[in-house]
Amino acid sequence: MNAFDLTEDQHDCLQELINVAMGQASDQLARYLDTFVYLKVPSIEQVKAEHLFDTLNNDLKATAVVSQGFFGYEGIRGEALLMYQPQDSNRLADLLGYEADELTFDEQIIDLSSILTTTFLNVFASQIDNQMSYSAPRLLSSSLDKINQHLKQQSFNWDFALKVRISYQVTDYSFNCDMVLLIPEEAITNIKTVIDRILADF
Amino acid sequence: MSTNVLICDDSNLARKQVLRSLPESLSTDVQLAKDGQEALEILRRQSIDILFLDLTMPIIDGLGVLQALKDEGIQLPVFVISADVQPEMQSRVLGLGAKAFLRKPIALDTLNEHLRNHGFL
Amino acid sequence: MLDALCSNILNRLNTGILILDKDFNILMWNRFLEVHANKSDKQVIGKSIFAVFPELPRKWFERKLSSVIQLKSQSFCGWEQRHHLFELSHSRPITTDSDFMAQNCTFLPVEVEGEVERICILIEDVTDVCHYQMQLNKVLQALALSNRIDGLTQAFNRKHWEECLAAEFSRARRYKQDLSLVMLDLDQFKLLNDTFGHQGGDKVLIETAKAINELLRMGDLFGRYGGEEFAIILPNTNLAGAEDVAERIRQTIANNAIDYKGRSVSVTVSIGVAVIDEQDSRYEDLISHADIALYKAKNNGRNRVCVAEKRNIL
């Protein structure tokens, strides 16, 4: 147990906020893409900086990772990583409604990532009376080797991060993608403050 | 006469939210379940007047509970309260016999309206 | 007062601001765009964005904006995916080779009473970033290449060549394909070095590598294995095919003397050939079989090709 651990009540509250955000985001997505998005219970856990790569790697043999920063009031900030599996790439253009030759693969996953991240976090923020801004989404890499290198070569300036993992499964296209939100230390404290305020209402 | 209410949600916060949203004029006897399996155990044991049911839950999810109620012939009004508000999910739930679909976070007037429509108020 | 200040700042920002209605007509833009598009307000305000900027990919653009309107969430288009959307001039026309401004574009929904009524497009000039990233990419590519290449002969260096062999070996095993290996060594290279000096020796290595390279097919992987030793991976090639390649290499080198400072230097090579065998579990096995054949060629009088003996199935 450390200062960044969530209590059971805080964990429960965060999970419920995420559930609602996930639900509304996938509803918007489902309407926009004209499909059904299957939802699972999200996972919330704390990761140590040195284990970040291993935990991401265990989650998914991702071949493409798109990162997008988010920041709101009250010091709520973090980075969203959208992780894709290789076999899903050719289903994307279909899903987004673009003509196959209009977009490169990179552009497609960046587009989809941005939609997933911003729809989710907009709803999340509105529940805690906040508002998010976003950085431009960036493709970290479209090959696993390079993601390995990218994450391993870095010495992070944080020890702990809160990791929230949400799986999206688009049934019509049997397309899967994992959204991993990583919230750095000082923002965890800020989120805990917000959660405690909500809990105090009950 | 008091109404037997069962609230089934894996989130403590969500259960409290439902509990707090119930109108005061409805005198209730409330039980709580934190997943579909717990809820089914209670429903098989005793008569419940109304079930508030979440969908995305571990062990047995909301759809699983609705299916089990149907299979076992247990009849009672079920109000689904879910974050998963996709139209397809709503129609699945209503197709499985739920009386109402309420979106999370729960809106008081919508809840009251549904309670009134089903004669609880 | 504050309004005037804001509009003053909007017009001095080095970011383009464009506001559209839901039918993609331009309601407002700032000075940055006016200047870089070199068009006047009159030509632009109230007009369709597609009339003002005919270069826009219309279908793509409409789909992008419809997602912003429908999902009420912002969208991006970065220079790495599309160098630019709008054909705008930029501020480094002299010192970069870019025709148009490289852009990061952000599409923001502007809500009025919960409905998206307008779309704000922010256009950032990232010509600088783009320019330096391109330079960096070129350098990285050159660096990656130089990490794989032997500087003298331009063949793959040993490390990279072995990595290639490891990959080809496991591929051949997996798909049950042929894979042959040719190892060759310059004959009497030490003597040659003593006679013509190290520069002469280098010249021989360079010319030999060049001659071998010309005889290879696409997909063959040629590396410098040691001082005067070269090795060639021949994917999808059986023993007879490999032996044929080896023999052609031997003849070509033996028949073409190398010119060094007006003197003619005759060179021969000894060659060992091996093919992948079911018993080979590691790529090193293949190397050692080819190596043994090479030593046989040396011992049998040099300037010849020897083939690894067929191994008995255990």
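How many helices and how many strands does the secondary structure of chain A come to? In this predicted model, the secondary structure of chain A comes to six helices and eight strands, and along the sequence these elements follow the pattern α-β-β-α-β-β-α-α-β-β-α-β-β-α.

**Chain A overall**
- Chain A has 202 residues, of which buried residues make up 43%.
- When contacts in chain A between residues at least 6 apart in sequence are considered, 73% of them join residues at least 24 apart.

**Helix 1 against helix 4 in chain A**
- The axes of helix 1 of chain A and helix 4 of chain A, the latter spanning residues 105–127, come within 8 Å and cross at roughly 135 degrees.
- Helix 1 of chain A therefore counts as oblique to helix 4 of chain A, since an angle has to be over 145 degrees to count as roughly antiparallel.
- The crossing by which helix 1 of chain A passes helix 4 of chain A is right-handed.
- On the helix 1 side, the residues that meet helix 4 of chain A include Leu17(A), Ile18(A), Met22(A) and Leu29(A), while those on the helix 4 side include Ile115(A), Phe120(A), Val123(A) and Phe124(A).
- Sorted by type, the residues of this contact between helix 1 and helix 4 of chain A divide into 11 nonpolar and four polar, with no charged residue among them.

**Chain A against chain B**
- Across this interface, 18 residues of chain A are in contact with 15 residues of chain B.
- Two elements of chain A, helix 1 (8–33) and strand 1 (37–39), each supply at least two residues of the side that touches chain B, and the largest share of that side, 13 residues, comes from helix 1 of chain A.
- The side of chain A that touches chain B is made up of nine nonpolar, five polar and four charged residues.

**The sheet in chain C**
- In chain C, five strands form an open sheet in the order 2-1-5-4-3, and their pairing is antiparallel.
- Strand 2 (26–29) and strand 3 (75–77) of chain C are the edge strands, each of which pairs on one side only, and the twist from one strand to the next averages 20 degrees.
- Strand 1 (residues 15–21) and strand 5 (residues 115–125) of chain C pair in the antiparallel sense over seven bridges.
- For Asp21(C), the bridge partner in strand 5 of chain C is Arg118(C).

Notes:
Residues are numbered from 1 along each chain as its sequence is written. Chains are lettered from A and ligands numbered from 1 in the order in which they are written. This is a predicted model: local features need pLDDT of at least 70, side-chain atom pairs count only at pLDDT 80 or more; totals for chains, interfaces and linings use all residues. Two residues are in contact if their C-beta atoms, placed from the backbone, lie within 7 Å. Helices (H or I, at least four residues) and strands (E, at least two) are DSSP runs, numbered from the N terminus. Ala, Val, Leu, Ile, Met, Phe, Trp, Tyr, Cys and Pro count as nonpolar, Asp, Glu, Lys and Arg as charged, and the others, Gly among them, as polar. Axes are lines fitted to C-alpha atoms, for helices over the stretch in contact, and angles run from 0 to 180 degrees between N-to-C directions. Angles under 35 degrees count as roughly parallel, over 145 as roughly antiparallel, 65 to 115 as roughly perpendicular and the rest as oblique. A crossing is left-handed if the near helix is turned anticlockwise from the far one by less than a right angle, and right-handed if clockwise. A residue is buried if 20 or more other C-beta atoms lie within 10 Å of its own, exposed if 12 or fewer, and partly exposed in between; C-beta atoms are placed from the backbone. Two strands pair if DSSP finds at least two bridges between them.
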